[in-house]
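Welcome, and take a moment to look over the chain before reading on. The short report below walks through some of its features one by one.

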Amino acid sequence: MTWSALIWRNLLRRPARTLFTAVGVGLGVGLIVALLAITNGAHDTARDLMHVGRADFGLYQADVADFPRSLLPESLARGVASDPGVLRVAKVKLLVDRGTLVFGLDPGEFAFRRFVVVRGRRSSVMAGDHSGRHVGDAVQIAGRTFRIAGIYHSGDRFEDLGLTLPLHVVEALARRPGEVTSIGVTVKLGASVKGVADRLEKRYPGVAAITEPGQAIKVDTSTRLIVTSGWIVSLLALIVGGISVTNTMAMSVYERTREIGILRAVGWPAARVGLMIAWEALGICLIALGVGVALGLLAAQLFVTRTALSGLISPSYGASTFAWGLAFALGVGLVGALYPTWRAVKLAPVEALRRE
């Protein structure tokens, strides 16, 4: 019998126990995968939103539940424009209506003027070239009907998926007149983007300047809560998973005491016996990895489609996402295998053979 066949045979002696242990560890793996996918998606959203209109960075209200809930007074744009390092500003009102992204822009500001019109004509009512809309289409936004006059390309993922309407129209649709979601800022040649952003944050308390995706948590408290609570729960899952694997493997060693004694008597060294137990624990965790990845993909997708984040955040799965899941599974396996392996190695062949 091959080494791998022996490992799997031992795991399948108690298939229900092996499966329940793997599912328990898999829940922790799934949490890690879902957490990282949502966090990466939030970073992607922040990167796209902070460059709306090809701005160098964006100003938002700090510590709101999510990006669309940011509310800044329109009048703030004049004060921001007076900063010595600021070249231009553009006010943006973001509205999410039944999964459709609507950008309210001022036709006289750079965020609107930088659009490349690819079909139709430049107008106050246009659609992005990835929105699936066409010139002449009628669209319903917040109970009102608008007809698309042109199709634009901006190079920004969210803008090209959405629609653009006049700023004050979107403010009225959102029932927040005189309030915008963000203010896009371009800096003067030679000025430091970070320096200008830091200066504006100090000048206007309660305003967050987003210059890079990792700063999304300065605005989006939902993402911050997910990240913080997710890592805490993941740590607890690591501990519980380790205990679960330890218990399963300890029981396995106890039930196979006589078998281990026979293996030692026929010449198996203690290290080989210990390695067998460790590989059995890792085998459980590899099963858990498959279960956890499937659960994580499902959980991340359900979270963003069943919450207010629908249409704004999409789970993003990178190699690091699955690498962390693998590291979690292997970590639980190694932690859980320590005591059972030590116990199996310490069994004396004569004592083990006496067990019935």
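## A glycine between two helices

Gly318 is partly exposed, with a relative accessible area of 25%; the label covers values between buried, under 20%, and exposed, over 50% (1.4 Å probe, protein chains only). Gly318 sits in the loop between H10 and H11. Helices here are DSSP runs of H or I with at least four residues, strands are E runs of at least two, and both are numbered from the N terminus. Although Gly318 and Asn40 are 278 residues apart in sequence, their C-alpha atoms are 8.3 Å apart in space.

A word on the model itself: it is predicted, so local features need pLDDT of at least 70 and side-chain atom pairs count only at pLDDT 80 or more, while totals for chains, interfaces and linings use all residues. Residues are numbered from 1 along each chain as its sequence is written, and side-chain values use heavy atoms, with hydrogens and water left out.

## The nonpolar cores

The largest nonpolar core has 29 residues, and Val25, Val29, Val245 and Phe328 have the most contacts inside it. Such a core is a set of buried Ala, Val, Leu, Ile, Met, Phe, Trp, Tyr and Cys residues joined through side-chain atoms within 4.5 Å. Helices H1 (3–11), H2 (15–49), H8 (221–255), H9 (257–265), H10 (270–305) and H11 (319–346) each supply at least two of its residues. H10 gives the most, with nine residues.

What does Val25 contact, leaving aside its neighbours within four places in sequence? Val25 is in contact with Gly241, Val245, Ala288, Phe328 and Val332, where contact means heavy atoms within 4.5 Å. There is also a second, separate core of 19 residues, which includes Phe57, Leu72, Val86 and Val207.

## The nine-stranded sheet

Next comes an open sheet of nine strands with mixed pairing, in the order S5-S9-S6-S10-S4-S3-S12-S1-S13. Two strands pair if DSSP finds at least two bridges between them. S5 (116–120) and S13 (207–210) stand at the edges; each has a single partner strand, so one side of each is left without a neighbour in the sheet. Neighbouring strands are turned by 30° against each other on average, direction ignored.

At one end, S5 and S9 (residues 150–153) pair in the antiparallel sense over four bridges, and Val116 stands opposite His153 in S9. Helix H7 (residues 193–203) lies across S1 (57–61), S3 (86–97), S12 (182–187) and S13, running at about 20° to S1. Axes are lines fitted to C-alpha atoms, for helices over the stretch in contact, and angles run from 0 to 180 degrees between N-to-C directions.

## A buried serine

Ser70 is found in the loop between S1 and S2 (72–73). Is Ser70 buried or exposed? Ser70 is buried, with a relative accessible area of 0%. A polar atom of its side chain lies 2.8 Å from the backbone nitrogen of Gln61, and the backbone oxygen of Thr181 lies 2.7 Å from a polar atom of the Ser70 side chain.

Most residues other than glycine have a negative phi. Ala142, however, has a positive phi of about 50°; it lies in the loop between S7 (138–141) and S8 (144–147) and is partly exposed at 39% relative accessibility. Arg175 also has a positive phi, near 60°. Arg175 lies in the loop between H6 (167–173) and S11 (179–180) and is exposed, with a relative accessible area of 74%.

Notes: Polar contact = N/O pair within 3.5 Å; in protein donor to acceptor, adjacent residues only side chain to side chain.
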